[in-house]
Amino acid sequence: MEVLRPQIITIDGRNYRKNPIQEKIYQHEEDEEDFYQDSMEGADEPCDAYEVEQTAQGFRATVSAPSVLYKHIVGKRGDTKKKIEMETKTSITIPKPGLDGEIVIAGQHRNGVISARTRIDVLLDTFRRKQPFTHFLAFFLNEAEVQEGFLKFQEKVLEKCSKDRGVDSSVFQNSKKLHLTIGMLVLLSEQEIQQTREMLQRCKEEFINDIAGGKPLEVEMAGIEYMNDDPGMVDVLYAKVHMKDGSNRLQELVDRVLERFQASGLIVKEWSSVKLHATVMNTLFRKDPNAEGRYNLYTADGKYIFKERESFDGRNILKLFENFHFGSLKLNSIHISQRFTVDSFGNYASCGQIDFS
């Protein structure tokens with residue numbers, strides 16, 4: 001990262017420079033004070049966009065945050081909270097653990113309240129990024145024709161390629177969980193889930209209706225591709241999905257949804273475009289049928305998880321099934337899907353959706 005071109009992080013729609021610092025791995029509570037020191041580099045730039053209320057005693061600001069993140073503002077033995085209060089000459093009130101609410105910052109000086117608010121926002125953003133993903137936006141690909149096509153693909157691959165290294169039934173996706181992911185979410189409270197529902201509804205009203213024309217998008221799931229550079233060492237094999245009419249409407253729709261959610265801060269910006277793919281084989285399934293690709297990276301307390309993988313030789317599969325036709329279907333809904341859950345049909349449980357028609 002260049003000094004003159006620092007990383008930009010977005011918090012509540014506002015952009016901040018993240019100055020270059022020596023990175024540390026947060027693993028234990030005893031490191032919290034050091035972590036606070038590093039996180040606060042460059043966090044003292046006043047932000048006039050914050051709402052600060054003038055009171056009889058001075059000034060006041062509030063921060064909404066899920067209760068699971070309170071401990072990172074408090075710190076070990078309350079040290080982080082005390083340090084912010086001391087350095088900004090403010091008083092910080094945090095709801096009791098388990099109760100979602102507002103963090104209240106009060107002080108005699110407006111700049112002190114803004115500084116404390118900025119520091120809290122940086123801590124919340126930093127530790128939110130270390131939370132495992134909880135939900136994702138997706139299209140379900142669970143129409144009968146596609147599920148039958150997938151099971152036929154699995155049968156044929158095992159029939160013709162089971163002698164290839166690493167190819168066996170354990171690496172195939174569950175047919176009931178076939179889906180197209182638009183973006184991954186960290187939703188830590190019911191309030192944040194509701195916020196996501198509202199954002200999705202606004203997307204529908206502002207541009208999805210125009211793109212979809214009030215009708216389902218008719219697509220085909222056909223052809224396969226692999227994620228890495230070596231077809232002899234494949235970890236993820238996916239089916240391609242495209243519009244039957246040859247248009248770019250599906251790609252345009254998902255890219256605009258992604259852009260809107262990234263701008264709101266609900267999705268961390270990693271890519272500017274969605275790679276439309278439906279995973280059909282994944283080596284993480286070999287040891288854990290409920291594994292979900294590259295997204296199992298952190299535990300709830302921020303520790304990195306390394307998942308060892310045994311790749312498979314996909315050269316024959318790619319040669320024999322390059323243009324395999326899984327089926328056609330109509331995409332009519334975007335779901336807010338909850339990871340590691342299933343509904344009565346065996347698909348991911350949905351806690352919200354919008355329909356095109």
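Predicted model: local features only at pLDDT ≥ 70, side-chain atom pairs only at ≥ 80, totals over all residues.
1. Leaving aside neighbours within four places in sequence, I73 is in contact with T80, K81, I94, I103, I120, L123 and L124, where contact means heavy atoms within 4.5 Å. I73 is found in helix α2 (residues 70-74), helices being DSSP runs of H or I with at least four residues and strands DSSP runs of E with at least two, both numbered from the N terminus. At 0% relative accessibility I73 counts as buried; buried means under 20% relative accessible area, exposed over 50%, and partly exposed in between, with a 1.4 Å probe and protein chains only. One of the contacts of I73, I120, lies 47 residues away along the chain, with 6.7 Å between the two C-alpha atoms.

2. Residues are numbered from 1 along each chain as its sequence is written, and side-chain values use heavy atoms, with hydrogens and water left out.

3. As for the chain overall, there are eight helices and 14 strands, and 49% of the 357 residues count as buried. Among contacts between residues at least 6 apart in sequence, 74% join residues at least 24 apart.

4. Strand β4 (residues 58-65) and strand β6 (residues 101-107) run antiparallel and are joined by seven bridges, and the bridge partner of T62 in β6 is V104.

5. A further open sheet, again of four strands with antiparallel pairing, has the order β11-β10-β9-β12. Here β11 and β12 (325-331) are the edge strands, each with a single partner, so one side of each has no neighbour in the sheet. Six bridges join strand β9 (residues 217-226) to β10, with E225 opposite Y238 in β10, while β10 and strand β11 (residues 278-282) pair over four bridges, A239 having A278 as its bridge partner in β11. On the other flank, β9 and β12 pair in the antiparallel sense over six bridges, and V219 has L329 as its bridge partner in β12. Strand β10 (residues 236-243) is mostly covered, since six of its eight residues are buried.

6. Helix α5 (residues 144-161) lies across β9, β10, β11 and β12 and runs at about 160° to β12; axes are lines fitted to C-alpha atoms, for helices over the stretch in contact, and angles run from 0 to 180 degrees between N-to-C directions. Helix α7 packs on the sheet as well, touching β9, β10 and β12, and its direction makes about 85° with that of β9.

7. Helix α7 (residues 249-264) also packs against helix α6 (residues 190-212), at an angle of about 150° and with the axes 10 Å apart. The residues that meet include M199, C203 and F207 in α6 and L253, R256 and F261 in α7. By class, this contact has ten nonpolar, two polar and five charged residues, where Ala, Val, Leu, Ile, Met, Phe, Trp, Tyr, Cys and Pro count as nonpolar, Asp, Glu, Lys and Arg as charged, and the others, Gly among them, as polar.

8. E192 is buried, with a relative accessible area of 9%, and, not counting residues up to four places away in sequence, touches P66, R128, V186 and L187.

9. The largest nonpolar core has 60 residues, of which F153, L237, L250, I317 and I334 touch the most other members; such a core is a set of buried Ala, Val, Leu, Ile, Met, Phe, Trp, Tyr and Cys residues joined through side-chain atoms within 4.5 Å. The largest share of this core, eight residues, comes from α6. Not counting residues up to four places away in sequence, I317 touches F153, V157, C161, V167, I224, L237, M281, F312 and E322. A second, separate core of 18 residues includes V63, A65, I84 and I103.

Notes:
Pairing = 2+ DSSP bridges.
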